[in-house]
Amino acid sequence: MSTKDVPRPPKKVGLAPNLNSGFYGQDIISVSQFTRESLDYIFGIAEEMRAIVKRAGSTDLLKGTVLACLFYEPSTRTSASFIAAMSRLGGTVIPITQGVQFSSVAKGESLPDTIRTLESYADMIVLRHPEVGASEIAARYARKPIINAGDGIGEHPTQALLDLFTIKEELGQIDGLAVAMVGDLKYGRTVHSLTRLLYSYDVELSFVSPEILRLPLDIMNEVRARNLPVRETYDVADVIEIADVLYVTRVQKERFSDLSQYEEVKGCYEITPELMERAKEKMIVMHPLPRVGEIHYAVDDDPRAAYFRQMENGMYIRMALLAAVLGKA
Ligand code: CP
C-alpha cells in the first residue's frame, strides 16, 4: 500500500453526538458519544487487533499516517500504549509526551496554536490536558480528529473503553454485574467515564469513598435518573462479598488544593490478600494504574487481579480506535 492509498478524514462539522454512523474522521471526546452498538463495534476490532499482535506483532494498516501525542500531564500507560498502538499499525508518532516544557508551550504558545501546528504535520492528535473541556476546545479548532486522553478531573474516555472491554473479556458479560468503585471518586476521571459508560447496561453500582471524595452530585443524579441500583459507603467491607468488579483508584495528591485534606484520606483503602479471601471466587480487581498503595503487591498473584491484563487491553482498544477514526478498520 502506498501513502496515496491512506484515506484523509473529511473536514469535521462538529462533535458527533454518537458514533453509530461511523468513527471515520470523528473526535473522541466523551463516553457520551458511545452507544452499545458502537462499543460492540470497537470491542470487535480490538479483539482482531489482539489476534494480529499475537500472531504477527504488527501490520501496515496505517502505514503513511502520523499521530501526534500531546501530553500536558504525566502519563505512562496512555501515552505509551497510543505510541505502541500506532507503531504496531505501521504508522508513526510525534511524541510530545515527556513534558510540554520541552515544546513551544513553554514559550507561552496557546492550546489552539499548538493544535493547529500539530495538525499540519499529523493525521490525528491525542491530547491530555489538566483542564476539564480542553479536548472539546481543541476539537473546535482542529480540522483533524482529536482524541481525549484525559482532561483534568473531567473524562478519560479511552480508559473507560479499555475498562469495559476488560470486564467483558474477563467475565463474559456486563449486564447483571455488581460493579464497586473504590477510592477517589470525586476527582477520578476514570471513575466518571466508566460510570457513564455503564449507563447503557443493566448493572448494580456501589461507590466506596471517604466523605470528601464522594462521586460528584451531578453524576450521582444521572445514575439515579437511570434507576440503576446504587449504594454509597465508606467501607470496602460493605461491598467485597457482592462485587463482581472491584474498580480501585488512587487518591490523587495532584488534585488537592489543600494538602492537609490529602493527608487525611491518603492510604484510606488497601486491598489485601486477607480482604480478597472474602471476595467472590469469580470476580476481578481492576485499577487504571498507577497505584500508590491501594492494592497490596501480594494481591498481584491472585488470578482475580486483572489490572495488568486491563493495562495490556489498552493497546488493543487504542489500535481499534486509531484504525476506526482513520477509516481503516
Ligand atoms: N491509566 C492511566 O491513564 O495511566 P497513565 O496516567 O499512566 O497514562
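Biologist: How far does a polar side-chain atom of serine 75 lie from an oxygen atom of the ligand?

Modeller: This is a predicted model, where local features need pLDDT of at least 70, side-chain atom pairs count only at pLDDT 80 or more, and totals for chains, interfaces and linings use all residues. Residues are numbered from 1 along each chain as its sequence is written, and side-chain values use heavy atoms, leaving out hydrogens and water. We call N or O pairs within 3.5 Å polar contacts. Threonine 78 puts a polar side-chain atom 2.7 Å from a ligand oxygen, and for serine 75 the distance is 2.6 Å.

Biologist: And which residue has a backbone N or O atom 2.8 Å from an oxygen atom of the ligand?

Modeller: Look at the residues surrounding the ligand (a heavy atom within 4 Å), among them Arg77, Arg128 and His156. The backbone atom 2.8 Å from a ligand oxygen belongs to threonine 76.

Biologist: Which peptide bond is cis?

Modeller: Pro288 and Leu289 are both around the ligand. Follow the chain to proline 290, in the loop between β9 (284–286) and α10 (307–325); helices (H or I, at least four residues) and strands (E, at least two) are DSSP runs, numbered from the N terminus. With omega near 5°, the cis bond runs from leucine 289 to proline 290.

Biologist: What is phi of asparagine 227 near?

Modeller: Asparagine 227 is in the loop between α7 (217–225) and β7 (230–233). Its phi is positive in a residue other than glycine, near 55°.

Methods: Polar contact = N/O pair within 3.5 Å; in protein donor to acceptor, adjacent residues only side chain to side chain.
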